[in-house]
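Let's take a friendly walk through this fold, from its packing to its charged pairs. Please have the sequence and the coordinates open as you read.

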Amino acid sequence: MNLLKFNTSHLKGDLFGGLTAGIVALPLALAFGVASGAGAAAGLYGAIALGFVAAMFGGTRGQISGPTGPMTVVFASALAAFGGSLEMAMAVVLVGGILQIVFGLLRTGTLINYIPYPVISGFMSGVGVIIILLQLAPLMGVSAESSPLKAIAALITTFQHINLQALFLGLATLLIVFLTPVRISRVVPSPLLALVIMTPLSLIAGFTVPEIGQIPVGLPELHMPQFSLQQWSLIFTLGLTLALLGSLDSLLTSLVTDSITQTRHRPNKELIGQGLGNILCSFIGGLPGAGATMRTVVNVRTGGRTELSGVVHALFLFTLLLGLAPLATHIPLAVLAGILIKVGIDILDYRMLKLLKTAPKSDTLIMLAVFGLTVLVDLVIAVGVGVVLAMGMLTHRMAKEADIRFDDGHGHNSHHLEKVGPGVRVIHVKGPLFFGSASQMLDRMETVDRYIDTHQIIIDCRKVDFMDLTAIFTLDGMVERLLHHDIDVRVVTTPMMREQLLGLNTAFLSETRLYTNLKAAQR
């Protein structure tokens, strides 16, 4: 266990950092719980369970885990998809946690480096906008909608039923969280400051505004995740989304932590710790989460350096759950909405937004597509489309690098098939030869049939970087077609590629047609 590795030299920093992170986490946990539709207690349960387990079994020293904006949005979508059934939604969380452990065991943690930045940027900005849209109604004292499209459609109705007292509290909260000087927020985090100022103000003034309501005191009840064969596809899809998003969110936070503390996290161990934490959340009705960047930065900036700081953060919230939860009963929802809108604005990827005019058009297109689909359609579809677009554009770029030229044997390159000897012609292929460029080779070879005086063609592939199965079968089919026209075909490759081709036992790329020397092939 990681507790055995605690460094006592960091004890003071870990205690102070963990307490500070816990103070920051409290209003966010309550707000995320309310925003998810599962209630404020779910946010608190999730912050405690995930925060403790991920600190104990994770691979990033000083990281604070708990409910986050993107994970809350996905969970809220799951809860809405299953008609408000908490047990079905918890099945999604359980699947997500199990998949995170699988990711860790398969050592996929390092793959975060291969996810295109425009996909991440578009998704995160989209989630930020979703949070803002969903909190506009609570900010005005009106019940929240279940989706951003419904929130947009209900804006007119929201304005017609606006609660001016709630709007005052919400706007005042926004002023506090945005304008609190840094020197003050270092001592008392601005979200907590907003809570301790606006909640008593609402009570003293006698405002009639929607409030959090009763929060259970004591240990959470056991919730058994409920599975349904009819809904299994949706459960797995949403669980996979949670797993991917939670893993991405956590490992990005780990990278931030590394840069501040000059340490190196263990990505696969971190995924296992996050998965174990989310599995526990699924059984106690807690909100799923991930490594939280803001809370982690607060922790390490105030001295947190080891796993103990994450444990202290969780234990602090646990003490509140046991004795001080009733104090949160009268927190106005408009105040939590103001805090969450600040979170949504912070999630927006301003670095990418500033580069929209100057960034490569392909990257901008991917970012905007993911952003639009995230907000207007579905988070799962957005990520899928983003990855497919990125792969498609990469394939197109690689295919353009494939160079297929015909040579006359005297150093003069041409796009025409030239003679090397009597009735012998050579095709030089250079670059990657794969499913994206194989069709280009076929198109160029369409001109070969016009050369009726050709009896032998040599395909020089010695400068081919790699060749996938599609390209190999395409090459085999090309040899078959040329042989059908009574043209002898020989392929020149590197020794390693020749062994690979022979090992596949294709119909026409036989040992007699594969060479490693161009002169030998011309004999």
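The largest nonpolar core has 85 residues, and those with the most contacts inside it are Phe-75 and Leu-317. A nonpolar core here is a set of buried Ala, Val, Leu, Ile, Met, Phe, Trp, Tyr and Cys residues joined through side-chain atoms within 4.5 Å. Buried means under 20% relative accessible area, exposed means over 50%, and partly exposed lies in between, with a 1.4 Å probe and protein chains only. Helix α4 (residues 86-105) gives the most to this core, with 10 residues. Helices (H or I, at least four residues) and strands (E, at least two) are DSSP runs, numbered from the N terminus.

Two notes on reading the values. This is a predicted model, in which local features need pLDDT of at least 70 and side-chain atom pairs count only at pLDDT 80 or more, while totals for chains, interfaces and linings use all residues. Residues are numbered from 1 along each chain as its sequence is written, and side-chain values use heavy atoms, with hydrogens and water left out.

**Around the cores**

Which residues does Leu-317 contact, leaving aside its neighbours within four places in sequence? They are Gly-22, Ala-25, Leu-26, Leu-44, Ala-47 and Ile-48, where contact means heavy atoms within 4.5 Å. Apart from the core of 85 residues lies another core, of 22 residues, among them Ile-427, Ile-459, Val-464 and Met-467.

Val-93 is found in helix α4 and is buried, with a relative accessible area of 1%. Setting aside neighbours within four places in sequence, Val-93 is in contact with Phe-75, Leu-242, Asn-278, Ser-282 and Pro-288. The C-alpha atoms of Val-93 and Ala-78 are separated by 9.3 Å, the two residues being 15 apart along the chain.

**Two helices**

Helix α12 (residues 267-284) includes Asn-268. This helix is mostly covered, with 13 of its 18 residues buried. After α12 comes Gly-285, whose phi is positive, near 75°.

Asn-268 is buried, at 12% relative accessible area. Its side chain reaches the backbone nitrogen of Thr-108 at 3.2 Å. That is a polar contact, meaning a pair of N or O atoms within 3.5 Å; within protein, one must be able to donate a hydrogen and the other to accept it, and residues adjacent in sequence count only if both atoms are side-chain atoms. Not counting residues up to four places away in sequence, Asn-268 touches Phe-103, Gly-104, Arg-107, Thr-108 and Gly-109.

Helix α17 (residues 361-376) has 16 residues. Its buried residues are Ser-362, Thr-364, Ile-366, Met-367, Val-370, Thr-374 and Val-375. Both α17 and α12 have end-to-end C-alpha distances close to expectation: 22 Å against 22 Å for α17, and 26 Å against 26 Å for α12. The expected span is 1.5 Å times one less than the number of residues in the helix.

**Charged pairs and cysteines**

Side chains of opposite charge can pair when their charged atoms come close. A salt bridge is a side-chain nitrogen of Lys or Arg within 4 Å of a carboxyl oxygen of Asp or Glu, and by this rule the count comes to 4. Among them are these:

| Lys-342 | Asp-346 | 2.7 Å |

Arg-513 lies in the loop between α21 (495-504) and β9 (514-515) and Asp-488 in strand β8 (residues 488-492), so the pair ties together parts that are 25 residues apart in sequence. Asp-488 is partly exposed, at 24% relative accessible area. Arg-490 joins Asp-488 and Arg-513 in a network of salt bridges.

Lys-342 and Asp-346 are 4 residues apart in helix α15 (residues 333-347), so about one helical turn separates them. Lys-342 is buried at 19%, whereas Asp-346 is partly exposed at 41%.

How many disulfides does the structure hold? The count is 0, a disulfide being a pair of cysteine sulfur atoms within 2.5 Å. Cys-281 is buried, with a relative accessible area of 0%, and Cys-461 is buried at 1%.
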